Amino acid sequence: MSDDQQRDPSQDQSPSQGQSPAAPAPGPQPEPIRFFGTSWVDHDNGYALRRAGVAVGSLAAAVIGAYLLRFAYEGLEIGDVGPFLSISVVVLFAIASAIAFAKTWESFGRRPRPSSDEAALKGLKTIGFIGSLAAYFLRSLSEAPGEKLRRTEYERAVAEFSRRRSARTGNPAARRPKRKK
């Protein structure tokens, strides 16, 4: 047997031994936002830098996407497919981008209903990715995308938790039963 196989596992010193694991704080926990984690709660851990990075990144991705669509359109022109198809492609991408922008912008302010049409619009939002990126860019200029919604939900949950917590008068298991008269 090798030395690794003969080693006694009780002799292992892991960093977590002897230390209590960090238990989550009581109460509601903030929901992380993509690219921001939970830094949106206190605007710490490079929140402003992340917001600037998200704004620049989404704008750059939208510009690159527009150039790629332009090259695809030029390919249609080179292929001489006719004006109907060329115009149809431009109109399709314009409508898809407008719908994707509206749905993305709307998703920053409210949660989709379980029976919503979000799943049906997934393909349309993919085609109109420039609209989604534009919405992401514009929202990141003022806040982390989705921050207002999550902040409202988090503050409501904290207030409800503290209200429920303060209503307690002690350990209910320690109470004596009421006497019958």
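Modeller: The account below begins with the whole chain and then turns to the salt bridges. The model is a predicted one. The protein has six helices and zero strands, and of its 181 residues 19% count as buried.

Side chains of opposite charge can pair when their charged atoms come close. A search of the whole structure finds nine such salt bridges. One of them joins Arg-111 to Glu-31, with the closest N and O atoms 2.4 Å apart. Arg-111 sits in the loop between α3 and α4, whereas Glu-31 sits in the loop between α1 and α2, so this pair ties together parts that are 80 residues apart in sequence. Arg-111 is partly exposed, because its relative accessibility is 35% and the range for that class runs between 20% and 50%. Glu-31 is likewise partly exposed, with a relative accessible area of 33%.

Glu-31 also forms a salt bridge with Arg-150, and here the closest N and O atoms are 3.6 Å apart. This second pair links distant parts of the chain, since Glu-31 belongs to the loop between α1 and α2 and Arg-150 to helix α6, 119 residues apart. Arg-150 has a relative accessible area of 18% and is therefore buried, the cut-off for that class being under 20%. Together with Glu-153, the residues Glu-31, Arg-111 and Arg-150 are linked in a network of salt bridges.

Helices α2, α5 and α6 each supply at least two residues of the lining, and the largest share, three residues, comes from α2. By class, the lining has ten nonpolar, four polar and four charged residues.

A further salt bridge joins Arg-139 to Glu-143, with the closest N and O atoms 3.0 Å apart. Arg-139 is buried, at a relative accessible area of 12%, and Glu-143 is buried as well, at 11%.

Terms used: Residues are numbered from 1 along each chain as its sequence is written. This is a predicted model: local features need pLDDT of at least 70, side-chain atom pairs count only at pLDDT 80 or more; totals for chains, interfaces and linings use all residues. Side-chain values use heavy atoms; hydrogens and water are left out. Helices (H or I, at least four residues) and strands (E, at least two) are DSSP runs, numbered from the N terminus. Ala, Val, Leu, Ile, Met, Phe, Trp, Tyr, Cys and Pro count as nonpolar, Asp, Glu, Lys and Arg as charged, and the others, Gly among them, as polar. Buried means under 20% relative accessible area, exposed over 50%, partly exposed in between (1.4 Å probe, protein chains only). A salt bridge is a side-chain nitrogen of Lys or Arg within 4 Å of a carboxyl oxygen of Asp or Glu.
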